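Me: I would like to learn how to read a few features of a protein structure. Please show me the structure before we start.

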Amino acid sequence: MTLRDPLSRHIETVLERHLPPPSPPLTEIHEAMRYAVLGGGKRFRPRLVYATAHLFGISQDLADFPAAAVEFIHAYSLIHDDLPAMDNDDLRRGRPSCHRAFSEAIAILAGDALQAQAFAVLNHTPITLTDPAAIVEATRFFAEACGSTGLVGGQTLDLDPHHQPQSLGELTDMHERKTGALIRAAVLLPYLLAPNHRPDEKNDLDRMARALGLAFQIRDDILDATADPVTLGRAPGGDESRGRATFVTLLGLEEAHRRLEETIAACRSALARFGTRSGILESLVSHLSLSEGAKTGPYSKPQGPTSYN
Ligand code: GRG
């Protein structure tokens, strides 16, 4: 985890602020929640929230709430994904996964509590900074992204051995839910919360968000097939060894690389109408590139503007 740039430090502070203290009688569950959230991670989703907030000119104070909410959902999904009933992974971010560091029961409950906490935080968005109706709309949208047609639906399809994706279309549909829905929420929540947002800008933003979710997953599949365990923070080749289709198993490595760069280009094209307002968002998009010529490094260490205001 790098804490070098101001935005990284800010994100850690915001996440910490919205987590319950590890004190009796709930010390263990709160420690497990803190372990899962504060134990590293590249913070891609909160960074996306701040980048889109910048695009729509909304304050960091306002963006803090959706930023914490999306990261809490992400942390819960990783805790549950690692459980024996799901992927049964012992390692997450280079450390024992939550159920290994605590118990299975505590890990399940920590995930449950983080999901509730995400919605609590989103609903604490100050009404002095945005319209209460916008908070209601954002909460509804967020619930759909997290629920059985979004994140949970994608995970359900991924775990079903009888319905493994056979085609690129089926694989893309599964990942639009499993990985894409939360990335889309990270992009669209600031738009929904922005006072006086322009409805005519939503289509291009949404097109960008969907392409970004896809690019993120293609990149993750390429890294899973090629990176070493230390870089990954987990055992590589997990999906393939479980017999699951990935963009690499369906397309081959070379074509997966080509699709990744093509999808990143689609993100940039969808952002074109926003001009310089989308500079920080575009820089995050660029960090997903794995091409030799890419000037940027991993998105954990952005080299562009690190604070969005
Ligand atoms: C349990 C409802 C439920 C859903 C789980 C997100 C997910 C669905 C499973 C995670 C499995 C996985 C490795 C998916 C690939 C994409 C992904 C979410 C990678 C991890 O995200 P990063 O790289 O993680 O942003 P860090 O550690 O940086 O936060």
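Me: What should I know before reading the numbers?

Reply: This is a predicted model, in which local features need pLDDT of at least 70, side-chain atom pairs count only at pLDDT 80 or more, and totals for chains, interfaces and linings use all residues. Residues are numbered from 1 along each chain as its sequence is written, and side-chain values use heavy atoms, with hydrogens and water left out.

Me: How many residues are in the largest nonpolar core?

Reply: In soluble globular proteins, nonpolar side chains tend to be buried together. A nonpolar core is a set of buried Ala, Val, Leu, Ile, Met, Phe, Trp, Tyr and Cys residues joined through side-chain atoms within 4.5 Å; buried means under 20% relative accessible area, exposed over 50%, partly exposed in between, with a 1.4 Å probe and protein chains only. Here the largest such core has 89 residues, and Leu-114, Phe-142 and Leu-212 have the most contacts inside it. Helix H9 (residues 168–193) gives the most to this core, 13 residues. Helices (H or I, at least four residues) are DSSP runs, numbered from the N terminus.

Me: Which residues does Phe-142 touch?

Reply: Contact means heavy atoms within 4.5 Å. Leaving aside residues up to four places away in sequence, the partners of Phe-142 include Ala-69, Ile-73, Phe-119 and Leu-182.

Me: Is Cys-267 buried or exposed?

Reply: Cys-267 counts as buried because its relative accessibility is 0%. Its place is in helix H14 (residues 253–271). Beyond residues up to four places away in sequence, Cys-267 touches Met-208, Ala-211, Leu-212 and Val-285.

Me: How many aromatic pairs are there?

Reply: Rings of Phe, Tyr and Trp (its six-membered ring) pair if their centres lie within 6.5 Å; planes under 30 degrees apart count as stacked, over 60 as edge-to-face and the rest as tilted. A search of the whole structure finds five pairs. In one of them, Tyr-35 and Phe-102 have ring centres 5.5 Å apart and planes at 75°, so this pair is edge-to-face. Tyr-35 lies in helix H2 (residues 27–38) and Phe-102 in the loop between helix H5 (98–101) and helix H6 (104–123), 67 residues apart.

Me: Which charged end sits over the ring of Tyr-35?

Reply: A charge sits over a ring if NZ of Lys or CZ of Arg is within 6 Å of the ring centre and within 35 degrees of the ring normal. For Tyr-35 it is the charged end of Arg-95, 3.7 Å from the ring centre.

Notes: Helices (H or I, at least four residues) and strands (E, at least two) are DSSP runs, numbered from the N terminus.
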